[in-house]
Amino acid sequence: MARLIDPSLEKLSKLMSQMGDMAIECVSIAVDSYLEGIGTGGRVRELSKEISEKYFQVEDLTFEMLLKYQPVADDFRLIRSSTEISYAFSRFGRYAFDITQVRHLFGDISECKNDSLIEAANKVKHMIREAIFSFAELDIRKAVKIQEDEAFIDKMYKERLPKLIELKNTKCALAEALLLRYLERIGDHAVFMSDAINYIVTGKHRPTEEQISSHISKE
């Protein structure tokens with residue numbers, strides 16, 4: 001039997017799906033354009049703005065649902081976490097725009113080696129996709145893997161920075177340091193999403209292995 005809150009939940013789900021699609025596109029365009037030397041700041045700015053607008057729509061909708069329907073525990077966790085996840089989407093858009101600004105600021109960077117950036121970018125884009133799929137499917141197994149990937153990004157960031165200090169090409173060193181920082185922050189927000197997904201499913205942002213296993217065994 002349909003409940004009064006269900007149409008609003010469906011609207012929320014549609015908004016979140018749209019934000020996820022735009023977040024993937026926004027980050028992918030920004031990173032790929034930086035690595036390929038293509039100026040796409042206008043499109044990234046447009047996507048970032050649209051994501052931010054949808055974030056406020058999610059806030060308004062979730063507030064309305066909390067006031068009108070007094071949701072039960074499962075619905076409440078989903079509604080609350082949707083606000084947190086939509087904020088993470090908005091940060092993806094913001095950092096994507098910041099990446100385009102690095103390319104705009106430094107100009108031609110064709111002489112720079114980007115092996116570390118390519119590896120970090122591929123990992124981060126994978127994390128975003130997994131975070132979106134994890135939310136769509138409420139799959140906490142993907143959420144756990146996202147945290148492992150974020151540890152890899154952190155390790156790469158910490159190991160690469162000292163090497164950049166030694167580079168003679170200051171422009172390349174600064175540009176790569178900024179890109180790695182933005183990618184590391186995007187990874188952090190993907191983990192923030194995974195914590196919210198864990199909360200939806202288990203009631204805990206950082207559930208124990210036993211709690212995760214318990215919920216997986218019920219599937």
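**Confidence**

The structure is a predicted model. Over the protein chain the mean pLDDT is 89, and 94% of the residues reach 70 or more. Among the elements, helix 2 (residues 41-69) has the highest mean pLDDT, 94. The lowest, 65, belongs to helix 7 (residues 209-217).

**The disulfide**

The count of disulfides comes to one. The bond joins C112 to C172, with an S to S distance of 2.0 Å. Distant parts of the chain are linked by this pair, as C112 and C172 stand 60 residues apart. C112 is in the loop between helix 3 and helix 4, while C172 belongs to helix 6 (residues 170-202). The torsion about the S-S bond of C112 and C172 is about -85°, and the disulfide is therefore left-handed.

Both partners are buried: C112 has a relative accessibility of 11%, and C172 has 7%. Another cysteine, C26, is buried as well, at 0% relative accessibility. The cut-off for this class is under 20% relative accessible area.

| Residue | Relative accessibility | Class |
|---|---|---|
| C26 | 0% | buried |
| C172 | 7% | buried |
| C112 | 11% | buried |
| N114 | 12% | buried |

**N114**

N114 is found in the loop between helix 3 (73-106) and helix 4 (115-137), the loop that also holds C112. Because its relative accessibility is 12%, N114 counts as buried. Apart from neighbours within four places in sequence, N114 is in contact with Y34 and L35.

**The largest pocket**

The space in the largest pocket is about 280 Å³. Its lining is made up of 16 residues. Nearest the centre of this pocket lie S13, M16, S17, F135 and A136. Helix 1 (6-36), helix 3 and helix 4 are the elements that give two or more residues to the lining. Of these, helix 1 supplies the largest share, eight residues. By residue class, the lining of the largest pocket divides into eleven nonpolar, four polar and one charged.

How values were computed. Residues are numbered from 1 along each chain as its sequence is written. This is a predicted model: local features need pLDDT of at least 70, side-chain atom pairs count only at pLDDT 80 or more; totals for chains, interfaces and linings use all residues. Side-chain values use heavy atoms; hydrogens and water are left out. pLDDT is the predictor's confidence in each residue, from 0 to 100. Helices (H or I, at least four residues) and strands (E, at least two) are DSSP runs, numbered from the N terminus. Buried means under 20% relative accessible area, exposed over 50%, partly exposed in between (1.4 Å probe, protein chains only). Contact means heavy atoms within 4.5 Å. A disulfide is a pair of cysteine sulfur atoms within 2.5 Å. On a 1 Å grid over the protein atoms alone, a cavity is a set of points where a 1.4 Å probe fits but cannot get out, and a pocket is an open set with protein on both sides within 12 Å along at least five of seven lines; lining residues have an atom within 4 Å of a point. Grid points are joined across faces, edges and corners, and a volume is the space filled by probe spheres set on the points. Ala, Val, Leu, Ile, Met, Phe, Trp, Tyr, Cys and Pro count as nonpolar, Asp, Glu, Lys and Arg as charged, and the others, Gly among them, as polar.
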